[in-house]
Amino acid sequence: MKFSLTLLLFLLTQFAFAQLPEGFVYAQDSLPDLKVELRYCYDNNFVGEQIDGYVNEVVITTAQTVDALKKVQADLKAEGLTLKVFDAYRPQRAVNHFVYWAKQVNDTMMKQYYYPKVDKRNLFKEGYIASKSRHSSGSTLDVTIVNLETDEELDMGSPYDFFGPESWVSNTNLTEKQIANRQRLQNVMLKNGFRNYPQEWWHFTLKNEPFKNQYFDFLVE
């Protein structure tokens, strides 16, 4: 009986640690068709290594964000499309990792892929790296659109997390198809309660976000 009670207490403790803070949810629980590729869980990102705080490839957002995403998904699925998420809630320790990396100016391993025309010394000045991120408040996402049948991403004209004017929402140095794809993403997100970030076509924040200017640091797991 003593063993059983000890085991029960252990399991309850583990379950408690697995709980998200109040107001946060796992988006995939409500949106099973969501495609997910959390780049910061692996080394396929501008740093070139797994980022602090990313343990499992799960999309964590505020509950209000998921409600808005349901409307986005309904619109996209009517066209045979779906969202792919590259990043959602981001722990403050991950932001700290980016800041530390940005200060290591000689570490340019991923420069040719993500910032070929940007001097790493200027990443802070030009707004690509900051000490705080809207992602840490839980209502910001980095997304693109995927064809449900082929599982292929729509061509947006620049890769995710590419630093430079090529990724600005206002960039028109694109093909007609790329411009149309970007506009489709902008339209569906803004229509359903999000606002964009002008320097990154993939970046959207929920309007009236519940934890604005609050920066959380629990793990992505």
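This is a predicted model: local features need pLDDT of at least 70, side-chain atom pairs count only at pLDDT 80 or more; totals for chains, interfaces and linings use all residues.
Residues are numbered from 1 along each chain as its sequence is written, and side-chain values use heavy atoms, without hydrogens or water. Local features need pLDDT of at least 70 and side-chain atom pairs pLDDT 80 or more, whereas totals for chains, interfaces and linings use all residues.

Helix α3 (residues 63-77) packs against helix α6 (residues 176-191) at an angle of about 135 degrees, with the axes 9 Å apart. Helices here are DSSP runs (H or I, at least four residues), and strands are E runs of at least two. Axes are lines fitted to C-alpha atoms over the stretch in contact, and angles run from 0 to 180 degrees between N-to-C directions. Contact (heavy atoms within 4.5 Å) is made by Leu69, Val72, Asp75 and Leu76 of α3 and by Val188, Met189 and Lys191 of α6.

The largest pocket, an open set of points on a 1 Å grid, where a 1.4 Å probe fits, with protein on both sides within 12 Å along at least five of seven lines, is lined by 24 residues (an atom within 4 Å of a point). Arg90, Tyr128, Ser133, Glu200 and His203 lie nearest its centre. Strand β7 (200-206) gives the most to the lining, with four residues.
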